Amino acid sequence: MLLSRGLRYPAPCFRPISTISMSRRSLSAVIFDLDGTLTAPDAIDFSRMRQRCGFPTREQHGGSILKLVEALPSEAEQARCHAIIKEEEALGMLNMKLNQHIDETFKQLHAHQLRAAIVTRNNVDAIERFRTVLGDLHADTAALFSPCLARDAICPVTTTPLRNKPHADPALAVLRAWNKIAADFEALQTDDETCLPPETHEDVLFVGDHLDDLRTGRRAGCLTALITNHQHEKEGSHAHEFAKDASIQHYADYVVSDGLELANLIDKLARGDDVA
């Protein structure tokens, strides 16, 4: 499904991406979220993570767990929760596997010689685990992903500390590493979540399974795609929240169900075809 980027947005619905036509600049690069995008969803038990930290459920408070940790009044409480987060992430890494049909997406990256990067709020060990999961079968694909930015990352060019998603910082850092924006990209960094960049990068697609992925991509001037993992009817999922809430749908240019639909979308965009 293509959601038009501008003043008009459709009512909540999920349709194949082939139902609406829009011409775009040819795609040259893709920035990926990690968990639930390149890898299968639900490897990390975020509900248990929240419970162990003593935080409200996602339904009660939709904010990110990292933001909730930052808001804790004492360093001791923050340290306790960070330790829990790392424990749960480590368990999730044991369950990590490639997302459904994501190998078809990899084929399109190679076929069109596209650049690729990873931006994740997980830790750097998760990125290394992802490379291990790719294994020998996808060794050539592992080499495509550069840069790979985990939480607490710094800009690979300027060594500037980066704020996590939904800020634009990590996406801007990737664009800077690819020489798509000027060296003084720090001037584009802002706390104003409504502030859009002075230029767009419609040859770059930011893909993720969470609203914060879409916000990051949009604020950096990229095209955005939500991958639902066929969960748009699953109560409590990010995809379900997106499907029922028209107020957040303007963050996504495209909605795809899995790696196969994402591969088809990337193929069309890379060819410069209308998504029709």
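Guide: In strand β5, Ala 225 is the bridge partner of Val 207, and His 201 stands opposite Cys 222 in β5. These pairs belong to the pairing of β4 with strand β5 (residues 222-227), which is in the parallel sense and runs over five bridges; two strands count as paired if DSSP finds at least two bridges between them. Strands here are DSSP runs of E with at least two residues, while helices are runs of H or I with at least four residues, and both are numbered from the N terminus. From β4 the chain crosses through helix α8 (residues 211-219) to β5, and this β-α-β crossover is right-handed, a word used when, with the strands pointing away from the viewer, the path from the first strand over the helix to the second runs clockwise.

The model is a predicted one, in which local features need pLDDT of at least 70 and side-chain atom pairs count only at pLDDT 80 or more, whereas totals for chains, interfaces and linings use all residues. Residues are numbered from 1 along each chain as its sequence is written, and side-chain values use heavy atoms, with hydrogens and water left out.

Strand β4 also pairs with strand β1 (residues 29-32), to which four bridges join it in parallel, and there Ile 31 stands opposite Phe 206 in β4. Of the eight residues of β4 (residues 201-208), seven are buried, where buried means under 20% relative accessible area, with a 1.4 Å probe and protein chains only.

Looking at the whole sheet, we find an open arrangement of six strands in the order β3-β2-β1-β4-β5-β6, with parallel pairing. Its edge strands are β3 (145-149) and β6 (254-256), each of which pairs on one side only. Neighbouring strands of this sheet are turned by 20° against each other on average, direction ignored. Helix α7 (residues 169-177) packs on the sheet and touches β1, β2 (115-119), β3, β4 and β5, contact meaning heavy atoms within 4.5 Å. The direction of α7 makes about 150° with that of β3; axes are lines fitted to C-alpha atoms, for helices over the stretch in contact, and angles run from 0 to 180 degrees between N-to-C directions.

Conventions:
Buried means under 20% relative accessible area, exposed over 50%, partly exposed in between (1.4 Å probe, protein chains only).
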